[in-house]
Amino acid sequence: MGSLREVQQLDKRILEIKAALAVFDDRLAETEEDALAFESELSRLTSRLEQMNADARQLERSANDKRARTKKMNQRLNRVSNLREEAAVQTELELIKRAIEGDEQEALQLIEQIYKSELASQELEISAQEARTKVIPQQEELLAHRQDFTQLMEMFQGRRTNILQHVESAERRVYDAFHK
């Protein structure tokens with residue numbers, strides 16, 4: 001009967017250790033929260049930067065297309081035969097030039113946003129790295145304590161198994177019925 005009491009004490013300690021291990025897992029997750037928040041924000045900003053760069057390339061292509069169209073319109077202007085045709089070509093040229101200016105202005109604003117976002121991205125990278133560096137010693141300490149508890153639990157489980165090998169099966173069934 002004393003053996004079963006020892007098994008009961010071991011079971012109690014094993015449950016306490018399992019609860020402590022769950023707390024270690026929560027604390028490990030908590031230590032990473034700041035770094036993960038920085039990394040999440042960095043990922044979001046990187047995606048936004050990729051989209052802004054794609055938009056800038058699209059604006060550049062659009063402006064280049066309009067410049068090529070302006071060149072063709074200038075060539076056409078040299079071949080016009082009357083004033084009415086010349087006025088129409090001049091009007092179209094003026095509209096294209098305004099569109100080019102609008103694209104260029106939008107591209108400049110976008111480039112400014114890209115520059116600011118890249119600076120913010122660099123700052124976030126630094127902050128994330130600092131947060132990771134700060135967390136590493138805490139994580140190592142928590143992992144070491146977690147390993148200690150795991151080894152202690154394994155020792156208790158081994159001791160429990162060893163004791164139960166010497167307990168009769170009828171007593172074991174009664175114990176298991178009450179404690180499981």
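Okay, let's start with the inside of this chain: out of its 180 residues, 27% count as buried. Keep in mind that what we're looking at is a predicted model.

So what is the chain built from? Three helices and zero strands. Walk along from the N terminus and the elements go α-α-α.

Now the overall dimensions. Along the principal axes, the C-alpha atoms fill a box of roughly 120 × 35 × 20 Å. And how does the radius of gyration look? For a compact globule of 180 residues you'd expect a value near 16 Å, but this chain comes out at 37 Å.

What about contacts? Take the ones with a separation of 6 or more: 83% of those link residues 24 or more positions apart.

The chain exposes about 13000 Å², and 50% of that is supplied by carbon and sulfur atoms. As for charge, I get 28 positive and 35 negative side chains, with the centres of the two sets 5 Å apart.

Let's zoom in on one residue, Leu152. You'll find Leu152 in helix H2, which covers residues 83–165. Is Leu152 buried, exposed or partly exposed? Its relative accessibility is 27%, so Leu152 counts as partly exposed. Buried would need a value under 20%, and exposed one over 50%.

Who does Leu152 touch? If we skip the neighbours within four places in sequence, Leu152 is in contact with Arg13 and Ile17. Then there's Leu36: Leu152 and Leu36 sit 116 residues apart in sequence, and in space they are 31 Å apart, C-alpha to C-alpha.

That's it from me, thanks!

Conventions: Residues are numbered from 1 along each chain as its sequence is written. This is a predicted model: local features need pLDDT of at least 70, side-chain atom pairs count only at pLDDT 80 or more; totals for chains, interfaces and linings use all residues. Side-chain values use heavy atoms; hydrogens and water are left out. Helices (H or I, at least four residues) and strands (E, at least two) are DSSP runs, numbered from the N terminus. Buried means under 20% relative accessible area, exposed over 50%, partly exposed in between (1.4 Å probe, protein chains only). Contact means heavy atoms within 4.5 Å. The radius of gyration is taken over C-alpha atoms; the globule rule is 2.2 Å times the number of residues to the power 0.38. Accessible areas come from the Shrake-Rupley method with a 1.4 Å probe; for residues, only the protein chains shown count as cover. Lys and Arg count as positive and Asp and Glu as negative; His and the chain ends are not counted. The place of a charge is taken as NZ of Lys, CZ of Arg, CG of Asp or CD of Glu.
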